[in-house]
Amino acid sequence: MTVLLIAGSPSAPSRSAVLLDAVAARLGERSVPVDRLAIRELAAHALLLGEASHPSVQHAVEQVRRADVIVIATPVYKAAYSGVLKVFLDLLPQSALKGKTVLPLATGGSPHHMLALDYALRPVLQSLAARHILPGVYATDGQVTLQPEGAYQLQAELSQRLDDAVETLASEGLKLPPTWGFEPVAFSRVRCSV
């Protein structure tokens, strides 16, 4: 199974990229390799002019095609996902996410924009034929704080929500066994007596 992490922020470093890094670290603990795509590194003129034949765009579309699971992270601006993510999603074929599981992540200045995941991004992912869109994780700037040494730190509650999201991604998207609880038992192995 291949996991593609898509960074939809126009700037670097970014809080939304920190969420992607946290997901990558959690998947790494389960020995799940990830591939990365930073949309800001694609040719800007190709994105803005809708040049789907540009080599950088073609390579990015191919990364999406090869992935089984996609994690998309974006900052929220004016109650919607980023413009660079928008132009990239517009260049994808209509069924680009067919059969894929998608985990959306977003960051924003306040909790007032948390519904942007459900009301702005989710419909676009559905229109691209995603098989399963997992519940997203939204973080405010206060939950991803910049430390004096220049590194970002995740608030404990956000870290737990990311743990839960990655566990769901691993079990539902990657079909990996859970890291907690009992191992699933096949019905054929169940023995009962009355």
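Begin by selecting Ala 79, which sits in the loop between strand S3 (69–77) and strand S4 (80–81); strands here are DSSP runs of E with at least two residues, helices are runs of H or I with at least four residues, and both are numbered from the N terminus. The model on your screen is a predicted one, in which local features need a pLDDT of at least 70 and side-chain atom pairs count only at pLDDT 80 or more, while totals for chains, interfaces and linings use all residues. Residues are numbered from 1 along each chain as its sequence is written, and side-chain values use heavy atoms, with hydrogens and water left out.

While Ala 79 is still selected, look at its backbone: phi is near 65°, a positive value in a residue other than glycine. Ala 79 is classed as partly exposed because its relative accessible area is 43%, where buried means under 20%, exposed means over 50%, and partly exposed lies in between (1.4 Å probe, protein chains only).

Next, select Ala 129 in the loop between H5 and strand S6 (132–133). Ala 129 is not a glycine either, yet its phi is positive, at about 75°, and with a relative accessibility of 29% this residue counts as partly exposed.

Which loop holds Ser 14? Ser 14 lies between strand S1 (3–7) and helix H1 (15–29), and it is buried, because its relative accessible area is 8%. Show its side chain and you will find that it reaches the backbone nitrogen of Ala 17 at 3.1 Å.

For the next stop, select Met 114, Leu 115 and Tyr 119, which form a nonpolar patch on the surface with about 360 Å² of accessible area together. Within this group, Met 114 belongs to the loop between strand S5 (101–108) and helix H5 (116–127), and it counts as partly exposed because its relative accessibility is 42%.

Finally, colour the protein chain by pLDDT, the predictor's confidence in each residue, from 0 to 100. The chain averages 92, and 96% of the residues score at least 70. Where is confidence lowest, and where is it highest? It is lowest in strand S8 (residues 144–146), at a mean of 90, and highest in S1, at 98.

Technical notes: A polar contact is a pair of N or O atoms within 3.5 Å; within protein, one must be able to donate a hydrogen and the other to accept it, and residues adjacent in sequence count only if both atoms are side-chain atoms. Patches are made of residues with over 30% relative accessible area and no salt bridge: like charges are joined within 9 Å, nonpolar side chains (Val, Leu, Ile, Met, Phe, Trp, Tyr) within 5 Å. Accessible areas come from the Shrake-Rupley method with a 1.4 Å probe; for residues, only the protein chains shown count as cover. A salt bridge is a side-chain nitrogen of Lys or Arg within 4 Å of a carboxyl oxygen of Asp or Glu.
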